[in-house]
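Welcome! Here is a short tour for anyone meeting this chain for the first time.

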Amino acid sequence: CVQERASLIGLIEAIESKTLAPGMPIAIPKTMDAKVEATLAAFKQAVAQLNILIDAYEADPDVQ
């Protein structure tokens with residue numbers, strides 16, 4: 001779960017910075033900015049909720 005969480009956070013950071021890696025920009029047309037922002041906000045909320053679940057599980061994996 002830790003690796004997947006890091007991957008999701010990395011994806012959010014890539015979308016926010018519009019860069020996959022140094023020197024590798026993501027081309028997002030200006031007409032898509034509002035849609036990208038809305039999708040990013042929803043994605044961040046889902047990741048935050050996932051983080052809560054992962055943290056709870058890691059704190060006590062035997063609780064169901």
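The protein chain carries 5 positive and 9 negative side chains, and the centres of the two sets are 16 Å apart. Here Lys and Arg count as positive and Asp and Glu as negative, while His and the chain ends are not counted. Each charge is placed at NZ of Lys, CZ of Arg, CG of Asp or CD of Glu.

This is a predicted model, in which local features need pLDDT of at least 70, side-chain atom pairs count only at pLDDT 80 or more, and totals for chains, interfaces and linings use all residues. Residues are numbered from 1 along each chain as its sequence is written, and side-chain values use heavy atoms, leaving out hydrogens and water.

| Part | Mean pLDDT |
|---|---|
| Protein chain | 87 |
| Helix H1 (residues 2–17) | 84 (lowest) |
| Strand S2 (residues 24–25) | 92 (highest) |

From the N terminus, the elements run α-β-β-α. Helices (H or I, at least four residues) and strands (E, at least two) are DSSP runs numbered from the N terminus.

How much of the chain is buried? Of its 64 residues, 12% count as buried, meaning under 20% relative accessible area, with exposed over 50% and partly exposed in between (1.4 Å probe, protein chains only).

Lys 18 is not a glycine, yet has a positive phi of about 55°. Most residues other than glycine have a negative phi. Lys 18 is partly exposed, at 30% relative accessible area.

Note on methods. pLDDT = per-residue confidence, 0-100.
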